[in-house]
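Here's a quick tour of a protein model, written for someone just starting out. Have a look at the picture first, then read on.

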Amino acid sequence: MGGFSYILIFAVLIIGAIVWGLKRKKTISVSDFWQEKESEYSEKRILSSFARYLGGHARFETTTEGLLFLMSKSLWFENFEKGANIFGFAFPFEKVIFRIPLSRIGQTKTIPEKELISQGILHPSMNVRRVNRKPEYLSVSYIDEWGREKELFFDSMVDLSQWHQAIKTALDNYVPDVEEEKIGVCPKCGKKVSPDFKLCPYCGCRLS
Ligand SMILES: [Zn+2]
């Protein structure tokens, strides 16, 4: 076989890998995503932004990028698997999804970068990857399912004053609902589950 044959075989392999990789890429419609969320809990979307979750939730310790969104009854964070690249390789992925009912949310604050680093929540090297234009981060205080006071930290693309205003308005308009306070969300599949359950009835994920 001549050199040309090798090049031909190599080219066919590369094209095959690319086609296979492209086929594996799944697309999710943005409007479907919001419709599903709005209908599942019958609430409306108020504000959403690309954001980095930095920590604070008892179940999720690692920093991850995703969507932070405020609905009329709750505040959510969800990350998404980037999927395989064009060659079909995917990196290990941990799904992070949580929904905090507004009834559990207290105050929100703007934390300067220096303070977050000195508290050990933000690694000093992370500031180069900051998504906010300003060196400041969003803090949301809330009471978790076990009655503990918690503080969540986010790096948000949207100006933090917008978050403070939107959350304050949502809290002012929120009508407490006994059923609502009992609702939990599965960290793996995102379905509505009671926090009393040990396993998710939809996907079998351990909840406690
Ligand atoms: Zn599940």
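Leaving aside its neighbours within four places in sequence, which residues is Ile100 in contact with? They are Ser74, Leu75, Ile105 and Tyr142, where contact means that the C-beta atoms of two residues, placed from the backbone, lie within 7 Å. Keep in mind that this is a predicted model: local features need pLDDT of at least 70, side-chain atom pairs count only at pLDDT 80 or more, and totals for chains, interfaces and linings use all residues. Residues are numbered from 1 along each chain as its sequence is written.

**The big picture**

- The protein has five helices and nine strands; helices (H or I, at least four residues) and strands (E, at least two) are DSSP runs, numbered from the N terminus.
- Take the contacts between residues at least 6 apart in sequence: 60% of them join residues at least 24 apart.

**The sheet**

- Seven strands make an open sheet in the order β4-β3-β2-β1-β7-β6-β5, with antiparallel pairing; two strands pair if DSSP finds at least two bridges between them.
- β4 and β5 (105–112) stand at the edges with a single partner strand each, so one side of each has no neighbour in the sheet.
- On average, neighbouring strands of this sheet are turned by 30° against each other, direction ignored; the axes behind such angles are lines fitted to C-alpha atoms, for helices over the stretch in contact, and angles run from 0 to 180 degrees between N-to-C directions.
- α4 packs on the sheet and touches β1, β2, β5, β6 and β7. Its direction makes about 170° with that of β5.

**Strand by strand**

- β1 and β7 run antiparallel and are joined by four bridges; here Ala51 stands opposite Ser156 in β7.
- β1 is also joined to β2, by eight bridges in the antiparallel sense, and Phe50 stands opposite Leu67 in β2.
- Leu67 in turn stands opposite Glu78 in β3. β2 and β3 pair over five bridges, again antiparallel, and they form a hairpin with two residues between them.
- β3 and β4 pair in the antiparallel sense over five bridges.
- A handy rule when you look at a sheet: side chains in a regular strand alternate between its two faces.

- Where does Ile100 sit? This residue is found in strand β4.
- Ile100 is buried because 20 other C-beta atoms lie within 10 Å.
- Ile100 and Leu70 are 30 residues apart along the chain, and their C-alpha atoms are separated by 9.6 Å.
- The largest nonpolar core has 32 residues, and Ile105 and Phe154 touch the most other members. A nonpolar core is a set of buried Ala, Val, Leu, Ile, Met, Phe, Trp, Tyr and Cys residues joined through C-beta atoms within 7 Å.
- The elements giving two or more residues to this core are β1 (45–55), β2 (64–71), β3 (74–79), β4 (97–101), β6 (136–143), β7 (149–156) and α4 (160–173).
- Not counting residues up to four places away in sequence, Phe154 touches Ala51, Arg52, Tyr53, Leu54, Leu68, Tyr137 and Leu138.

- Is α2 well covered or hardly covered? It's hardly covered, with one buried residue among its 12.
- Ser42 lies in the loop between α2 and β1. Although Ser42 is not a glycine, its phi is positive, at about 40°.
- Ser42 counts as exposed because it has 9 C-beta neighbours inside 10 Å.

**A feature from the record**

- UniProt places the feature "domain: Zinc-ribbon" (unreviewed entry) at residues 186–207. UniProt positions are given in the numbering used here, feature names are shortened, and annotations may be inferred rather than shown by experiment.
- In the model, the end C-alpha atoms of residues 186–207 lie 7 Å apart, and the span is 0% helix and 9% strand.
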